[in-house]
Amino acid sequence: MSIKFQTEKYSDKEIYSNLNPLLGEWFYKKFKTFTEPQRYAVLNIHKNKNTLISAPTGTGKTLSAFSAILSELITLSEHEQLEDRIYCIYISPLRALSRDIEKNLNEPLKEIKKQAKKKNKKINIRIGVRTGDTTVSERAKMAKKPPHILITTPESLAILLNAPKFRENLFKAKWVIIDEIHALAENKRGVHLSLSLERLQHHNPDFCRIGLSATISPLENVANFLVGMEKDKPRNCNIVNVQFLKNLDIKVLSPLPDLINTTQEQISKKLYEKLDKLIQKHKTTLVFTNTRAATERVVNHLKEKFSKNYLSNIGAHHSSVSREKRLEIEDKLKQGKLKACVSSTSLELGIDIGYIDLVLLLGSPKSISRALQRIGRSGHKLHDTIKGRLIVLDRDDLIECSVLLKNAKESHIDRIHIPENCLDVLAQQIYGIAIAQQIKEKDVLKIVKGSYCYKELPKSDFNEVLEYLSGEYSELEVRHVYAKIWRDKETKMIGKRGKLARVIYMTNIGTIPDEARIKVKIKDAVLGTIDEHFLERMKPGDVFVLGGEKYEFRYTRGNTLQVKAAEFRPPTVPSWVSEMLPLSFDLANEIQKFRFLLNEKFELKKSKKEIIKFINDYLYCDKNAAEAVYNYFNEQFLFAKIPHSKKLLVEQIKDETGNHLIFHSLYGRRVNDVLSRAFAWIFSKSVHRDVAITINDNGFVLSADTALPFEKALNAILKEDIEKIAKFSIRDSEVLKRRFRHCAARSLMILRNYKGRTKSVGRQQMSSRLLLLSVYGISEDFPILKEARREVLEDLMDINSAKKVIESIKDGKIKIEKIFSETPSPFAFNVYAFGRFDLVRMENRLEFIKRMHQKVLNKIENK
Amino acid sequence: MNNKISSGVKAVGLGLFFEKESVLAIADFQLGYEEHLHKKGFLIPRFNFKKIKQMLKKMFQKTGKLKKIIINGDLKHEFGSVSEQEWKEVIEILRFIQKNCEKIVLVKGNHDNFLKPVAKWENLKIVDEFFLGKILFVHGHKIPKKSLLKKSETIVIAHEHPAIVLSEGIKSEKFKCFLKGKFKEKELIVLPSMNFVAEGTDVLNDRLLSPFLKQAELKEFEAWLFEEKPYYFGKLKQIE
C-alpha cells in the first residue's frame, strides 16, 4: 500500500471512451475537452482508486471528482438498475457550498435527462442535501427514499452515522468526496471527520475516497489524512497535483516609497487613496484583511473618504456579520453588483462568488498557501490570470510579503499542521460508537487507529478516555451522573448507557467552540454578533462598527444587545480578541534565510548597488522596494547587528519603564508564544518578580522592574525539557482556561443542549477558572485537561518547532548574541513600540491581587 | 490593617470573627450546587464540599474553639429533592462545625426550608434572625421588620455572594469580597459566600440580589477582596 503521485495523464479519447455516452455527449457540448485535473483524475476514480486532487479554484475540480461517478450512475439508471440507496456522499465544510454543489449537479442532470428523453431513455438520479438546515419533513422524506448522491457536512455525517435506520444507507456508499479538505485537515473538524470516515470504513470496507484541495503542502500528509491507515500503513492514494496551473500576477505594493519617515496619518491617507484607485480601475475587487476589526475599518474609511464612489456597492463579509447579511453580500457579488467586498477569512473558502478581477491583501497573509488561496479567488475561469496585490503597511510587512511572493512564484508552500491525538474529539466519537452498538474495546481502538490523526495514539490515552466516558474518575455513588457509556471490564466491551444518551449525543455533536456570542439587534432585526469579551468593555452610549455600519449601544438583555443606528458619531471600532493570524514557521525560516544572505553581503562590505541588485533579483521586487529593504537592513547593520537564521540577537535595554530583553526570534508568534512564556516563567521564578511579555511574529520582549539574568535563564532552558517548562508556564493562563472550556464542551462534559434546553455557554453559571479548578482536583492527567494542554501547546502554539529552535541553540547551529542598546534597534522597533497591547503578565491570581492592592493603596495615600 | 472590618470584628478566611465574644459568622455554603449545575448540563465533578471543609479547617486553626458559630443562611443550594450524597455532606459539615464550637446558630436563608430533620440536634437552633448584642444577623433576602432593625446598630447579611472583578488590559479576575457600608444610618456588613463553585455577583456590574444593597449607596461601601487572605481595597468608587 502506498501514497504516490499520479503521473499518468489521459487523452480526451481515452476518457470519453470510458464515460457513459450521454454524459460524454453533454460534456463535449459544454466543454469540448478536459482540464488538467480531469485528465489525471477521472479515470482513476472510474477505477475506484482513492484520489486527492489539488488544484486552484476554477479548474474543473468538482467535475473531475464527479464525472466518473455521474457516468456510472447514469449507466445504472439507463438500465434501470439504480437502487434506492446512497451511492456517493459529498462532504463540504460549508453549508453554503452544499447549495452551490446541488445546483451544479442538478443542472447537468437536467440537461442529460432531456437528451436521454430524446433517445427514449429515462434517467432519474436524486441529489439530497442534509445539513443542520434540513427540515424534519425533508429528513423524513430522505429516510423513505434516500438520495443517490448525498450532500452533507462533517457534523451532519456524524449525526447520520448514529441515526438508527438511516445509517444503513451509508454503509453501501461507493464513493465519499471531501471538498475543501485543506480547510478541514488543520483543525478539529477535520480530526472529527477522519474518525467518522473510519467508522464508515468499519461497516463499509470498500468505499473510494476522493479529496479536493486548494494549494496545500505536504500533499502526502493530506492524502494520508484523506485515506487513513490500514494495519499501521497508509491506504493507497493517488495524488493529482496540478497546483500551479494558472498564471500568477502578484505584486507587492507600498502606499508610500518611504514607510518610516512618515506619520501614521500620511500612511493611512495614501493607503486609502491607493485602495480607491485600484478598486476604481477594476470591475470587482475583493479585499482581504487579517482581522474582522480591520474589515470594518476599511469599509468604514472608504465610505467616509470617497463617499461618491461607495454607497451600496461595497460590503463587509466576516463571521460576525449575520447570516442574512452575508448571504445578501454573496448574492450581490455573484450578480456583479459590488465594486468591492472586504472580508477577513470568511470568503477564503470556495463558494462561487462570481467574477473577481482583482484581489487585494491588506497586510501580510502570514502564510504562502493562504496568500495563494486568497488571490486564487480572482479570475474564476481556467485560462484567466490570477491577479493579486499585497499592500504593505510597514517595513517588516514589506520584507515578509516580498519573501512570501518569492516563494509563491517559486512554488514553495508552507506545511500545514494536522492536529493529532485530540482526546476530546476522540471521547465524542467513542461515545457515538458506543451508542450505535455494543462493541469490543479492541475493535474501537482499531477503528480509531485507522485515522491518520490517531495513528500513534498511545494505548494509555485510549484507556483514559474510556475511563472518563465510563465515569471511573468519580466515586461510585455518583457515577451515574458522569458515566456516558456502559463498560464491562471483564468482557472488555463498551456500549450505550442510559435512555438519554442518544439525545444528548445527537444534540451536542461538533467541534466548533461555542464562544459566547452576543446577538446585536435593532428591535427584532438581528444585525450580527459580537464577542462576549468585547461586550464586557462597552457601556451604554458607546458607538461601534458592525457590518460596515455604526451603531450605538442601548442596553443588553441576556444574550442580546439592543442598539440604534448612529451614522454621525465617531466609532470605537471593535477589537476582537486574539484572532491575529500567526506567521507560518516555514515562511519565517525563509525570511531568516533572506536575512542571512543579506547579512553576508553587508559583512563582506559589498556596494549598495550590488546589494540592491541582489535584493531585486532574489525577491523579484521593483527598485523602490529593493531600496526600502536595503535601507532597513543597512540601518540595522550600522546600529547593531542583523539577526538571521544562524544568529539569534538578544538586546538588553534599560529605560524609565524598566529592564527589557528583546529577542529577535523571527519564528512566528506560535513559536514565540512558547519561548517567551518559558523564559518569563524561569525569570519570574528566579527574580521573584512579575515579568511582562510582549510578542509578535518577529520576536518578543520580556520586561521587569529588575535586571533579568539572561545567561542563567538560558542555561536553565537548555538544560530542562522545554515542554515541561511550557506546561508549567501555561498552568494558570487565561488561554488554558478558555481552551479547557472548549475541550470540555467537545468531550460533552459541558452540554449546550440538555433536556430540551439550549443555552449559551453560560459563563454566568460557572467561570472558566473554577471549571478548570474542578478538574485539577481530580488529577493533573485528567484526559480532557491533558487535551486542553495539548491543544494550547501544539495547535495554538507550536511546541514542536520551538523544540527545534532550542535544539539548534544547543547544537550551536543557532548562536545567541547579546548586546546592550540605549534604544531599540530598527528591527526591534515594531515589537517594542507597538506590541504593548498584547501584554501578558506572568503572575498568578495572588500576585495579581497583591499588585492591584498596592495600586489602590497608593491611590488612597495620595489623597 | 487588612483584616479589620469594623471595631471588634475581623475577617478570618471567608468568615467574620468577633474575637471578644468568641463568635464566627459564615454563610452561603450552597452544598449541592453541583447538582444545580448538572441539571444545566455542566457535568463537573463535586468539589465544593471538600473545599469548604478545607477552608473551615484553616479558619478554625486561627480562631481556636469557639462559643458560637452563626451560619447566616443557605447551607444548602436549592430546595426540592435532596440526594443521599447531599444529605451526607450536609450532616458531615454540621458535625465538623459542631466539633469546633459550643453552639451552632442556623439563620434561615431562602434555600433552607428542608432543615427540619437536623432541628432536633443538640446545641443547634434554627432561627429567622439572631442578635449578638446590638448586632443583627439576617440572611438578607428580605428586609426584616422595623422593630428588629430599630434594636440593632450593625446588620450582618449574606445572600448577595459579593465579588469584584479586577481588570487590567486583557486580564481580568473575579474575587470574593466582604463589603461594609451604611444602610439607613446603620452599619451594614455583607459576608462573602463559602460556595467554591461560583465566585459570586460582580457587585459593580451585575444585577444585585439583596434588597439591602439595592437600597444602599453602594459606591460608598468599602471592600475587602479575598484570595487566601483579605486585602483592603477602599471604597468601591475607587476601584472603578
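Start in chain A, where H16(A) passes H25(A) in a left-handed crossing (left-handed if the near helix is turned anticlockwise from the far one by less than a right angle, and right-handed if clockwise). Helices here are DSSP runs of H or I with at least four residues, and strands are runs of E with at least two, numbered from the N terminus. The model is predicted, so local features need pLDDT of at least 70 and side-chain atom pairs count only at pLDDT 80 or more, while totals for chains, interfaces and linings use all residues. Residues are numbered from 1 along each chain as its sequence is written, with chains lettered from A and ligands numbered from 1 in the order in which they are written.

The axes of H16(A) (residues 395-409) and H25(A) (residues 623-639) come within 10 Å and cross at roughly 120°. Axes are lines fitted to C-alpha atoms, for helices over the stretch in contact, and angles run from 0 to 180 degrees between N-to-C directions. That angle makes H16(A) oblique to H25(A) (under 35 degrees is roughly parallel, over 145 roughly antiparallel, 65 to 115 roughly perpendicular, the rest oblique). Among the residues in contact are Leu398(A) of H16(A) and Tyr632(A) of H25(A); contact means C-beta atoms, placed from the backbone, within 7 Å.

Now compare chain B: the axes of H2(B) (residues 48-63) and H3(B) (residues 84-99) come within 11 Å and cross at roughly 5°. That makes H2(B) roughly parallel to H3(B). Their contact includes Phe49(B) and Phe96(B).

Technical notes
Two residues are in contact if their C-beta atoms, placed from the backbone, lie within 7 Å.
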